[in-house]
Amino acid sequence: MLSDKDIKKKFKAEASKNPEKYYAVAFLKKEGFARKRCKCGTHFWTVNKNQALCGDPACSGGYKFIEKSPVKKKMDYIETWQKFSKLMQGLGYTEIKRYPVVARWREDQYWVGASIYDFQPHVVSGEIQPPANPLIVPQFCLRFNDIDNVGITGAHYTGFIMIGQHMFVPKKDWDQNKVFSDIHKWLREGLGLPNKEITYHEDAWAGGGNFGPCMEYFSRGLELGNQVYMLYEKTPSGRKELKLKVLDMGMGHERNTWFAKGTSTSYDAVFPTVCNNLYKRTGIRLDKKLITRFLPYSSWLNLDEVEDIDKAWKRVSDKIGIEAKELKKKLLPLAALYSVGEHSRAALFAINDGALPSNVGGGYNLRVILRRALSFIDKYKWDVSLNEICKWHAEYLKPLFPELIENIENVSKILDVEKQKYISTKEKSKQLIAQLISRGSISDIKLVQLYDSHGISPDMVQEQAAQLDVVINYPDNFYARVAELHKEAGHVAEEQDTLELRDVEDTEILYYKDFSLVDFDAVVLKIVGNKIILNKTAFYPTSGGQIHDKGTLGGQEVMSVYKQGAVVVHELKNKPRFKTGSFIRGKINFDRRLQLSQHHTATHIINGAARRVLGEHIWQAGAHKELERARLDITHYQALDEEEISDIEKLSNDIIDKNLPVYSEILDRNIAEQKYGFRIYQGGAVPGKQLRIVNIVGFDVEACGGTHLHLTGEAKLIKILKTTKIQDGIVRIEFAAGDAAAHYIEGEMNVLKQAALILECRINQVPGRAQELFDKWKKVVKKKQSGSANDFKLSSTKEEKGGLLQKTAGILKTQTEHVVKTLERFKKELIKKKK
């Protein structure tokens, strides 16, 4: 299958041969635009008869709007969106809130990289309805391919708002000239540009499995946006026409604001309060004359587009009449300042939306930009923290995104932890760097490996090397190389043997309505060996981290149950004694079902409790439920301490004591997202047009296909057994609920009772051995802080549940006190004997 880049190139050539089919030619001609071809090969449209170049800064000689913007009214960052939204709503578009920048509804992406990501794959495929149609959205996006360009070009970002203009309609309702005229109206009336200031480029776009033609629009060397018309789906066998025609306009919020303000850099227009605060705190003065001379050519330093960066610096320096070395000396500290401001804003959105810096997965590149920012602060010895910079951003953005300031304390905690990890890495790195330097020069590859394996930034290496009078240089695209190592990938499904089931209808699921339904009648639709497919089933298949039910079908033992697509497959121990078309009865082992349901509902309870105790950054990263115990993996930046564990356990049991209803409902995906938000996607993307929502009202709501209790009280008791930091940013909570918790606590009690008994027997017999036992069991006792009754039996009555925890804790306290008294008595006896 061709790459997106190859598809784009191939389709662009095809579209250029037939512009009337793929572009809004009728509207352009009506407005007086004519089609031309630039020396770079791009076809473009302009009303200017003498215009020979396409307007791209590489062709036309850089930016020409700095300090001389043609926009009539100078809008700031907040006003740009407000004005765009008002204009587009007048044209029939509906404004929707941004989606989280962590794309938890998708299997193939971790970060949202464009506004269309919000609607792929389900809306674009026609599987579900969009939240509005047509719509506009101020979607914050993250991309990490331009890290090294941030700051230096004055225009690049890792985090940015893509103003999305979207429509999803069948072919008969598709009017490309109309949607093109809408964005043209923004340029004419929103920005106030005459047609002579606008140049349109014919192009193509591919991404997310879709592609089509697009029209970019430029003014005075700056690309303001790109209106994409997604017409096709990419498949292994070639392109396939989409059922829906999709409008995907992505316009740079940052670029439009910069263009409107005409400031020296885009950063001064996009986050002006942050820039002003940083100028004051760092003592850096903005040389507007130099920047105004430099910025028209800053795009020449784009590392994605130049082969020799030194030659590019020389070319720029020749243009503005300053030696390259002197130019770098003046500009690099300023570029670092802008990078700190930009990276902190990107991190603010990411952490607010539930991402954590880490060494793995999507959090890796988040850590990259945070450490790059911290390295700049260290390098230039600036008295400023990422925490306060993030707060400045949140305060400025409050009119558009109030959630940022509301969650700033939690973001600040995570930044504090990340800074401590950075400092720790810096301290640990000194000896390693010294050893490497003593062996000779450090290659670019080794520098990348040092960062990837140990978190050692090139600035740390340079700083340590300078102390040893050694000069270390690193490539200008260093962080792009690092990011390339950790491109976000989708989840890869496990391979398994598949049955031919094209002629089989989807299985009706009975356990969604009632977990206690364990007897049912069904029709056999298909038999493959000892594998049975029914028209409906109450058997739960292994999925979602929960093991399958066991029981019988037609009196024969069911060994395994799994799901293939929307069909449930039951595997018998022996070949079936019944035939296709038979009516058979299914019976499920209720004790097993109850225990697994208790563990599954307890998983949701603990997840909700952890979020309240630890913060809004808590998301489920994985889970597994067995009979004896279960585990929940959560996103958290450090290991849990005893107080946190105790608080989570206590709150979980409080929810059990409240005996809250556990509601279950089937909703269309778009309705579920609008009603409950994206918190429903715990543990990963959930497939399907419809979602089953499990809701502990006011406490936790998730999209989940597991078996669940009717009331939280039916979980009886939750006991946290162990917590472990299993990887950077992930903490595992192992626990038991229901009878499994009772059995565990009984085991604890037996340990304590055995300790007391042994000590009592040994006091007057073998002093040496007794001392050994004393030391051993004292350690055991210290770990026993909570527990349950001796002959602990879980009850189901409300009255007994109410005093359950108090009763069990009291009994354990008594047992523990007994052991401690025995230990102390034994210690005194030893002292007497020694005397």
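D182 is buried, at a relative accessible area of 4%. Here buried means under 20% relative accessible area, exposed over 50%, and partly exposed in between (1.4 Å probe, protein chains only). The model is predicted: local features need pLDDT of at least 70, side-chain atom pairs count only at pLDDT 80 or more, and totals for chains, interfaces and linings use all residues. Residues are numbered from 1 along each chain as its sequence is written, and side-chain values use heavy atoms, with hydrogens and water left out.

**Salt bridges**

Side chains of opposite charge can pair when their charged atoms come close. A salt bridge is a side-chain nitrogen of Lys or Arg within 4 Å of a carboxyl oxygen of Asp or Glu. The structure holds 34 of them.

| Pair | Closest N to O distance |
|---|---|
| D182 and K178 | 2.9 Å |
| D519 and K587 | 2.9 Å |

Take D182 and K178. Both sit in helix α6 (residues 176-190), 4 residues apart, about one turn of the helix. Helices (H or I, at least four residues) and strands (E, at least two) are DSSP runs, numbered from the N terminus. K178 is partly exposed, at 36% relative accessibility.

D728 lies in the loop between β23 (718-727) and β24 (730-737), and K421 in helix α16 (residues 408-438), so the pair ties together parts that are 307 residues apart in sequence. D728 counts as buried, with 15% relative accessibility. Both residues also belong to a network of salt bridges that links R367, R371, E418, K421, K725 and D728.

D519 bridges to K587, with 2.9 Å between the closest N and O atoms. D519 is in strand β11 (residues 519-528) and K587 in strand β17 (residues 583-588), so this pair ties together parts that are 68 residues apart in sequence. D519 is partly exposed at 32% relative accessibility. K587 is partly exposed at 44%.

**Cysteines**

A disulfide is a covalent bond between the sulfur atoms of two cysteines. The cut-off used is a pair of cysteine sulfur atoms within 2.5 Å. A search of the whole structure finds 0 disulfides. C59 is in no disulfide either; its nearest cysteine sulfur, that of C40, is 3.8 Å away. C38 is buried, at 4% relative accessible area. C59 is buried as well, at 14% relative accessibility.

**Backbone geometry**

Most residues other than glycine have a negative phi, and most peptide bonds are trans. Exceptions follow.

A cis peptide bond joins Q120 and P121, with omega about 0°. P121 lies in the loop between β3 (94-95) and β4 (135-142). The bond from N133 to P134 is cis too, with omega near 0°. P134 is found in the loop between β3 and β4.

E67 is not a glycine, yet its phi is positive, near 60°. E67 sits in the loop between α4 (57-60) and α5 (77-90). N659 has a positive phi of about 55° and is not a glycine. Its place is the loop between α21 and β20 (662-668). N659 is partly exposed, with a relative accessible area of 22%.
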